Amino acid sequence: MSCIHRASAGLKLGVSLALIVGLAALPAERAWWGLCALPLLLLVAMLARLSFRTLLRRWALGAPFLLGASSLAWFQPHGSGVALGLFAKSAICLLTLQLLASTTTIAELTRTLRRLRVPAPLCETLALLARYSSLLNDEARRMRRARSGRTFRSSRLLYWHALGSALGLLFIRTVARAERVQSAMRARGGA
Amino acid sequence: MHIPDGFLSARVALGYAGLSSLGLGAACYRLRAQRDRGASALLGVSAAFVFAAQMVNFPVAAGTSGHLMGSALAGALLGLPGALLVMTAVIIMQCFVFADGGVFALGANVFNMGLVGCVVGFCCYRLLCGAAPSPTRRVASVAFAGWCATLAGALSCAGQLSLSGTARLSVVLPAMLGVHALIGVGEAVISSLIVASVLRFRPELLETSAQTPLTARPRRSAIYAGLGLSLAIAALLAPIADAAPDGFSRVTQALGLHSTTSAPSLAPFSHGIPGVASGVLATLLAGCVGTLLLFGLCWLLALALVPRPRSSEPSRGVAVEPSG
C-alpha cells in the first residue's frame, strides 16, 4: 500500500475529475498543452509503485477506440491537427482514469458516493454489482466451457444459439441467487 | 458507444449529466415509492448479470465483434426504473474499474446507453407486446426493441459528438448509424435468445414486469405498431439530418472554432435516390424500408425460436437442459 493507495477516495476522485475537466475545456488548437500533465501522472504512477508495463498494456487496450473516435474529426477544415490534438487529450484522460481505477477500490468509491448524497438505490445496486460480478463472470465462463465440451460440431448457428441460451440460463440462475440473497438479508434483520 | 474523456465540450458534458441525473432521480423516486424492498437484491444481482453478459463478445462481420448493450433486455425483464438503475450502475462500474468511457463523459454515456436505450427499448417492447402477448410476439418485440435501442443510443451519441464540435454531423452520423445498425442486429438476436430461454424455463419472470391492464388486442395490432414505429423512426431521422448543420454551425461560432468559413454540408444526404426529388425524402424512404425489413426479420426470428405448441418433434431452437 503506497501513499497514493491510502489517500482518500474523495480526494483522488476530485483531483482526477479536475484534471479531466481542465483537459476537456482546452480549445481544439491548444490541445497539445494537455501533454504538460504527463510528468505529473508519471510521478503519481511511480509513487503508487505501479508497473509501467501493466499500465502501458492497459492503456494500449483503450487506445484503438480513441484513435477510431478521433479520426472522425479528421474530416473537417484543419481536421488533421484537431484529430491529433483530440487523441493526445483523450489519451492523457484515459491514463488519469486508469491511475484512479488502479489505486481505488469500488468499496471506497461506493462509500464516497454515499457521502455525496447519491440516492440509496443506486449505491446499493453498485455495491451488489461489485460483489457479485466476479461470481457471475466465473459462472458464465464455466457454463460456456461446459457447453463447448459437449458441442462437438461447430457452426455459426450453433455458436449463437449456445451463447444465447447460456446467457438465458445465467439470468434464471441470477434471479434464483437474488432470491437467496434477499432471504439471507431478511434473516439477518436487514432490508 | 462509450465516449471517452476529451471528446465532449464542457457545456455538452454538463448538460447531459444534468439530464441523466434528472432521469436517474425519477427512477430512484419511483423505486422508493413502490416500497418493494424485495427488489433491491434482484436489481443488484441483475446488474452483475448485465455486466457479465456484456463481457461476452459476438462476431458481427468480417472479424469485428460487438457486445450486448442490454438496455432493452433489462427493460423487458425488470421494468423501466429498474432497468435504468441497473444500466447506470453498470456504466459507472465500467468507467471506474475498466476505464471504459470517461468520468467527465459519464453523464452523456448514461444518457445514451441508460436513459435513451432503456426508454426507447422499453417503450418499443411494451408498444409491440400489448397485453397478454403470445411467446412469439414477446420474443419478436424484444428483438426489435433491442435494435431500436441500439440505434437510438448511437443517434444520441452522434448528436453529442457533433454538438461538442468534435466531428461534423455529416461524418459522425452515417458512421455511427451504419456500424450500430449491424451491432443492433447482434443485440436483437442475443436478446431474443435470452428471452426465449427465460420463457421456456421460468415464464412467470416476464409476467411480473408491471403489465398495465390494457384490453386484449388481436395479434394484428403488433404489425400496425411495428409499422407506426418504423415510420416514426424514419421520420425522426430525416429532419435531424436536414436541420442539424444549422445548430452545428451556431455551436461552432459560439465556441469560437474557425470552421464556419465553409458551411458544413450533408453530402451523403443531399444526393438522394435518383427519381426522388428531395434528399430528405430519399433518406426517409431508405430508413423506412430498412426498418420495416428488420421488423420482418425480427418476426421470422421469433417464429424460428419459439416452438409450435403442437409439434411432435422437439425443435433444436431451445433444446438445452437447465443444468447448464
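Which residues does B:F111 touch, not counting residues up to four places away in sequence? Leaving out those close places in the chain, B:F111 touches B:Y16, B:L19, B:S20, B:V116 and B:S156. Touching here means contact, and two residues are in contact if their C-beta atoms, placed from the backbone, lie within 7 Å.

Before going on, a word about what you are looking at. This is a predicted model, in which local features need pLDDT of at least 70 and side-chain atom pairs count only at pLDDT 80 or more, while totals for chains, interfaces and linings use all residues. Residues are numbered from 1 along each chain as its sequence is written, and chains are lettered from A and ligands numbered from 1 in the order in which they are written.

Let us stay with B:F111 for a moment. You will find B:F111 in helix α5 (residues 106-129) of chain B. Helices (H or I, at least four residues) and strands (E, at least two) are DSSP runs, numbered from the N terminus. B:F111 is buried, with 26 other C-beta atoms within 10 Å. A residue is called buried if 20 or more other C-beta atoms lie within 10 Å of its own, exposed if 12 or fewer, and partly exposed in between, with C-beta atoms placed from the backbone.

Of the 324 residues of chain B, 54% count as buried. If you take the contacts in chain B between residues at least 6 apart in sequence, 76% join residues at least 24 apart.

Two helices of chain B show how such elements pack. Two packed helices are described by the angle between their axes and the distance between the axes. Helix α3 (residues 71-78) of chain B packs with helix α6 (residues 135-163) of chain B at an angle of about 135°, and their axes are 8 Å apart. That makes α3(B) oblique to α6(B). Axes are lines fitted to C-alpha atoms, for helices over the stretch in contact, and angles run from 0 to 180 degrees between N-to-C directions. Angles under 35 degrees count as roughly parallel, over 145 as roughly antiparallel, 65 to 115 as roughly perpendicular and the rest as oblique. From α3(B), B:S71, B:A72, B:L73 and B:A76 meet B:V142, B:A145, B:G146 and B:A149 in α6(B). Sorted by class, this contact has six nonpolar, two polar and no charged residues. In this sorting, Ala, Val, Leu, Ile, Met, Phe, Trp, Tyr, Cys and Pro count as nonpolar, Asp, Glu, Lys and Arg as charged, and the others, Gly among them, as polar.

Next, turn to chain A. Chain A has eight helices and zero strands. The radius of gyration of chain A, taken over C-alpha atoms, is 22 Å, well over the 16 Å that the globule rule (2.2 Å times the number of residues to the power 0.38) gives for 191 residues, so chain A is more spread out than a compact globule. Along its principal axes, the C-alpha trace of chain A spans about 55 × 50 × 30 Å. Buried residues make up 34% of the 191 residues in chain A.

Chain A has a helix pair to look at too. Helix α2 (residues 9-25) of chain A and helix α6 (residues 106-115) of chain A pack at an angle of about 85°, with axes 9 Å apart. α2(A) and α6(A) are therefore roughly perpendicular to each other. A:A9, A:G10 and A:L13 of α2(A) make the contact with A:E108, A:L109 and A:T112 of α6(A).

Finally, see how the chains meet. In all, 67 residues of chain B are in contact with 63 residues of chain A. On the side of chain B that touches chain A, the largest share, 14 residues, comes from α2(B). The residues of that side divide into 48 nonpolar, 14 polar and five charged.
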